[in-house]
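Dear colleague,

Please find the structure below, handed over for your use.

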2 protein chains.
Amino acid sequence: MLMGKEEKGKPRDREVREEDNIGITALKSDFPEWYSQVVLKSGMADYAPTAGCMIIRPYGYAMWEGIQEFFNSLIKKTGHMNAYFPLFIPESFLLRESEHFEGFTPEVAWIHAEGPVEYCCRKCSGKVGKDDIKCKNCGADLEGSGRQIRMECPVGSERYALRPTSETIMYDSYSKWIRSWRDLPVLINQWCNVVRWETKATKLFLRTREFLWQEGHTAHADKDGADREVLAILEFYRQVIEDLLAIPVITGKKSENEKFPGALYTTTLESLMPDGKALQMGTSHNLGQNFAKAFGIMFRDRDEKEKHVWQTSWGISTRLLGAVVMAHGDNKGLVLPPRLAPVQVVIVPILFSGSKGKVAREAERIRKKLSGSFRTEVDMREGYSPGWKFNDWEMRGVPVRLEIGPRDLAGKQVVAVRRDSGKKSIIRTGSLEKQLGLMFSDIQKGLYMKAKKRMSDNTVEVKSFDGFMKQIEKKKMVRAAFCGEPACEESIKEKTAATNRVIPLRSGTKYV
Amino acid sequence: MLMGKEEKGKPRDREVREEDNIGITALKSDFPEWYSQVVLKSGMADYAPTAGCMIIRPYGYAMWEGIQEFFNSLIKKTGHMNAYFPLFIPESFLLRESEHFEGFTPEVAWIHAEGPVEYCCRKCSGKVGKDDIKCKNCGADLEGSGRQIRMECPVGSERYALRPTSETIMYDSYSKWIRSWRDLPVLINQWCNVVRWETKATKLFLRTREFLWQEGHTAHADKDGADREVLAILEFYRQVIEDLLAIPVITGKKSENEKFPGALYTTTLESLMPDGKALQMGTSHNLGQNFAKAFGIMFRDRDEKEKHVWQTSWGISTRLLGAVVMAHGDNKGLVLPPRLAPVQVVIVPILFSGSKGKVAREAERIRKKLSGSFRTEVDMREGYSPGWKFNDWEMRGVPVRLEIGPRDLAGKQVVAVRRDSGKKSIIRTGSLEKQLGLMFSDIQKGLYMKAKKRMSDNTVEVKSFDGFMKQIEKKKMVRAAFCGEPACEESIKEKTAATNRVIPLRSGTKYV
């Protein structure tokens, strides 16, 4: 640690330590390594001590809150309401709709918790009494933390699944709540954690054993109502992904092989990531009457007849945050679309010892002024040089950085630097709000257009299976005619490792 | 079902069915029965098919969202940020702080999920291969849902607790994230579900095996910082509970026996419910350096020395919604404070066949106009009489009901009925917004004052142990001198079943 005298006129960067060298050391071309460095070093997320899980840190969680707010406002305006159903799903519920059960059980985590509570010795695991002081078996001391609790599962008692998705537990309630056409539609959504016990390697935001999502579950009087709901939500998802996250998607229908277990049909939003892999961004399912029949969800219609409801379910998850990293990030780190960015503009005062107070006050004055319109921060951290701060905020993807030094103060101006292009411009402090507003629109649109161009540059249409194989090897997204047969799809998947992502929705085409 | 001809000039109530008789049939004096009827029939919550769990229905969840919004705005303004940590806590973490472990393990639910995945026959539970078609043991058909997954827990592998609270898993991360005084304070909160495997009977919102809460976890450079945080949060909680929920509380410190396992001291907000029982509304703990030492959370201070941080944790849960029901409800059902009510004002048009269109249009016009200022609904449900609707909205606790019929239309007025007092008044439509605003303030304040009076009427000061016992038997909250000895407290609890709720915080008294 160097504690030398502060040189006059030199920015204070004396205290930067080795461990503060936090830049991204992998290029985006080295994709998996680059991806985890960006997620970790930007402070979006961290690996959890629990294998296969992740910690969503405040910076990443603030983006999730942005998505929640945006989507909540869309669904609430259209009459949907949030609710909360239990984490624990009785096994018998999952068994009722067999396709659904088969689709989910390989990754379900179960809890056995209905049996009598028993105590055992931490050392030898032998059974001990609740108030025993010493283990009769191995003689270990049982006080303090020497005793542990064991829940035994007696034969025949029911297991609970930790929800991998909530269709079954919600629809059991729907069967009790819905009686008449007057009770329809039921439009319920929930924001919650779900558990899918993945055995493959963890990828932050993309594959973890627990993740956060929203799941909407609606019930309607007829197929038409359910069809319309599926498409309305698909459009809301498009707005979240394209308008908020600036990521272009192709919307359409999943093939029979790829649809949700238990659904009549599944609609999806697919995007192409820079590593050449397609990413499913969200899905909206028409469940038909499959679950209604399995759970007995009936209503008395206006014509006095008892009918099964038609249902939909739909979800987007914290995976979207992984997509944001991949779609827009560059060699310096994260690049955030302004509408999503937790910090839209950061002010970095350039503090020289002669003018320090004045510049700091001006930076604070600007922060206050901008705070009414934008999510603004001023970086007054001690012991870091302006250059270090620039790198830090660039790595964190903040759309615009404002630099203000003594000369800017005198000239009533600031230097604005765009994260997307690195372009610098000088802005008069008087027109700062207006100029920033324009800049944010431009960045938001620019990020979207750039990602859209990349997607179309990497999508090709083919007419032959030879051409198809060649393009798949080149990691292209391929547009091709498809007969629709599940067996045929299976065989293509085996030969090429390509999956059928989406049957695009063309305007004017009735696709269901 | 009567489908007779619609009589001219008679409100349409022909379709009301027996099962629509949804009023509360228990008096508030029959407290437990009254409580569950109000929670269930108002649509706030429902029992779950999973034993010991609850479903928070949209009407109840909207109130929880109200609490979230209110509290989030307080903590975010003061620099706290939300995050998300895993549901699964390695057992070894819980063991590190022994007081904490002892306090929580009796109600922890464990998951064994690290072993190899095995498959077993649903019929005989015998081990089978993943792709077996028939069970070798009992001959059962294994296709469809005849096979189940078993996760074996090999000897020595780690169990995971479903979080009963997140101190340990969060502080493991804090030990990695915190390096320097510059990283402090760390001010993180999370909204999540927690699991405490209760064995007593379920009480909706008050005792369930899973509930929702927020848990704040902060780290500070010194005790003073942690002390100030504990009190700042206690004051935010007071605002949530007194200002938003209109429930008076006594704030103060818990005794040694009642403090949080692992804390240095616990502060609490206690209220007295109409059944004579005290209810803990929220707690804010100074954890001292106990967890910092157990998890090695160190920072290099300005003086270059390595020090342990000082920590706090604090939480409020969906239990608060149960308190709202108990504190304000009456024989007709729920009574909601306007600031919390998901629907603040409901318009019930009185539809006679001659003037139906005009009245409906006016009701809708008023709804639109009020919607800018208040959470407003208009009840256009077909097939229910106005009287039925009045009862329904009263049961659901909506603060003000507006009735509008043909005569009101002609007189440019509406009839306003307050839920708290039942008082009717006629309001000119021109001054509706202003009058409603005043009415809401008055109701909010009135509910608080009424609950406050009930609490002070039922709180007595005693000077002798005889007096103490008498008052406790009368279900009073008793203010008494206390020596502070845990053994003494234990003995009082045994003799009287009374628990020491709070050592009140008096202004001017330094209590830590």
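Lys200(A) counts as exposed because its relative accessibility is 58%; exposed means over 50% relative accessible area, buried under 20%, and partly exposed in between (1.4 Å probe, protein chains only). Lys200(A) sits in the loop that joins strand 10 (186–195) to strand 11 (210–220) of chain A. Helices (H or I, at least four residues) and strands (E, at least two) are DSSP runs, numbered from the N terminus.

Please note that this is a predicted model, in which local features need pLDDT of at least 70 and side-chain atom pairs count only at pLDDT 80 or more, while totals for chains, interfaces and linings use all residues. Residues are numbered from 1 along each chain as its sequence is written, chains are lettered from A and ligands numbered from 1 in the order in which they are written, and side-chain values use heavy atoms, with hydrogens and water left out.

Lys200(A) also belongs to a surface patch of positive charge, together with Lys203(A), Lys277(A) and Lys475(A). Such patches consist of residues with over 30% relative accessible area and no salt bridge, like charges being joined within 9 Å and nonpolar side chains (Val, Leu, Ile, Met, Phe, Trp, Tyr) within 5 Å.

Over all chains, the search finds 55 salt bridges, each being a side-chain nitrogen of Lys or Arg within 4 Å of a carboxyl oxygen of Asp or Glu. One of them pairs Asp442(A) with Arg418(A) at 2.8 Å, N to O. Asp442(A) lies in helix 12 (residues 432–457) and Arg418(A) in strand 21 (residues 413–418) of chain A, so this pair ties together parts that are 24 residues apart in sequence. Asp442(A) is partly exposed at 43% relative accessibility, whereas Arg418(A) is buried at 15%.

In chain B, Glu235(B) and Arg238(B) form a salt bridge with their closest N and O atoms 3.0 Å apart. Both residues are in helix 6 (residues 223–244), and their spacing of 3 residues amounts to about one helical turn. In chain A, a network of salt bridges links Glu235(A), Arg238(A), Glu242(A) and Asp243(A).

As to the cysteines, how many disulfides are there over all chains? The count is 0, a disulfide being a pair of cysteine sulfur atoms within 2.5 Å. The sulfur of Cys53(B) is too far for a bond because the closest cysteine sulfur, in Cys192(A), is 14 Å away. Cys53(B) is buried, with a relative accessible area of 2%.

Yours sincerely

Methods. Accessible areas come from the Shrake-Rupley method with a 1.4 Å probe; for residues, only the protein chains shown count as cover. Lys and Arg count as positive and Asp and Glu as negative; His and the chain ends are not counted. The place of a charge is taken as NZ of Lys, CZ of Arg, CG of Asp or CD of Glu.
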